[in-house]
Amino acid sequence: GSEDKGRVLATLSLQRGYYDFAYPHWRFIVLDGTDLSLFAPEKGSRRYKESKSMLRRLRKGGIANALMKNGGVSTEQMTWLRQTLDKALAVGEKVVLFCHYPVFPESSYNLWNNREVLQLLESYENVVAYINGHDHKGNYQEKNSIHYLTLKAMVETEKENSFSIIDLYADHLQLKGFGREASRTLYFRVPEAINR
């Protein structure tokens, strides 16, 4: 139930919302894809109003992912993301991002403002991967030297699990898949000043 969610976060030392953390030569960014949504912000709040406005605008534009099950990244979070990416680039960190919602390839499962996030990520040469869930069947595609990986959902399996362990290397990520999730090697190239 919903009361269990708080215990899960505490047990795994996870935070709500968006945040980042570092490991030598790496920056990990966790985005909050429900920052803008019709189910997470308090009704009548600034974020709720921004959510309704964004969803209305996307629906008028005929955007396939303009669905109530999806969410978006607020203007405030986009500013924070840009600042965090700037700091990572300045100190030579490679970046991996995590979010519940995918941003690529185009899909009805995507973050509402996936195109804006995608454009921002592609403007940084140190971003190597974006890893997400939400689309239970999984997906993978590389675009402009960034790996976009949608992990398969364990809720779709009755008798097996679905998860990965990821090892970091100077020029690749090594995913060891379990159950439904495939093992894969994601090679990347970053400028020599960053690739230490």
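Contact here means heavy atoms within 4.5 Å. With that in hand, welcome to this predicted model: among contacts in the protein chain between residues at least 6 apart in sequence, 58% join residues at least 24 apart. The chain has 196 residues, and 43% of them count as buried. Below is a short tour, from the overall layout to a few individual residues.

**Overall layout**

- Four helices and nine strands make up the secondary structure of the protein chain.
- Read from the N terminus, the order of elements is α-β-β-α-α-β-α-β-β-β-β-β-β.
- The protein chain has an accessible surface of about 10,700 Å², and carbon and sulfur atoms account for 51% of that surface.

**Nonpolar cores**

- The largest nonpolar core holds 24 residues, and the members that touch the most others are Leu 81, Leu 85 and Leu 97.
- At least two residues of this core come from each of α3, β3 (94-99), α4 (114-122), β4 (127-132) and β6 (146-150).
- The biggest contribution to this core is that of α3, with five residues.
- Once its neighbours within four places in sequence are set aside, Leu 81 is in contact with Ile 29, Leu 31, Leu 97 and Leu 120.
- There is also a second, separate core of twelve residues, including Val 128, Ala 129, Leu 149 and Val 190.

**Aromatic rings**

- Seven aromatic pairs turn up when the whole structure is searched.
- In one of them, the ring centres of Tyr 18 and Trp 80 are 4.9 Å apart with the planes at 50 degrees, so this pair is tilted; planes under 30 degrees apart would count as stacked and those over 60 as edge-to-face.
- Tyr 18 sits in the loop between α1 (2-11) and β1 (19-23), while Trp 80 belongs to helix α3 (residues 75-90), so the pair ties together parts that are 62 residues apart in sequence.
- One aromatic cluster is formed by Phe 21, Trp 26, Phe 28, Phe 98 and Phe 188.

**A buried serine**

- Ser 74 is located in the loop between α2 (46-60) and α3.
- With a relative accessible area of 1%, Ser 74 is buried.
- A polar contact of 2.4 Å links the side chain of Ser 74 to the side chain of Asp 35.
- Not counting residues up to four places away in sequence, Ser 74 touches Asp 35, Leu 36 and Glu 50.

**Backbone details to look at**

- Phe 104 and Pro 105 are joined by a cis peptide bond, with omega at about -5 degrees.
- Pro 105 has its place in the loop between β3 and α4.
- His 25 is not a glycine, yet its phi is positive, at about 75 degrees.
- This histidine, His 25, lies in the loop between β1 and β2 (26-30) and counts as partly exposed at 35% relative accessibility.
- Ser 145 is not a glycine either, and its phi is positive at about 70 degrees.
- The loop between β5 (139-143) and β6 holds Ser 145, which is partly exposed with a relative accessible area of 43%.

Note on methods:
Residues numbered from 1 in each chain as written. Predicted model: local features only at pLDDT ≥ 70, side-chain atom pairs only at ≥ 80, totals over all residues. Heavy atoms only, no water. Phe/Tyr/Trp six-rings, centres within 6.5 Å; stacked < 30°, edge-to-face > 60°. Core = buried A, V, L, I, M, F, W, Y, C linked by side-chain atoms within 4.5 Å. Buried < 20%, exposed > 50% of the residue type's maximum accessible area, 1.4 Å probe, protein only. Polar contact = N/O pair within 3.5 Å; in protein donor to acceptor, adjacent residues only side chain to side chain. Areas by Shrake-Rupley, 256 points an atom, 1.4 Å probe, with all protein chains shown as cover.
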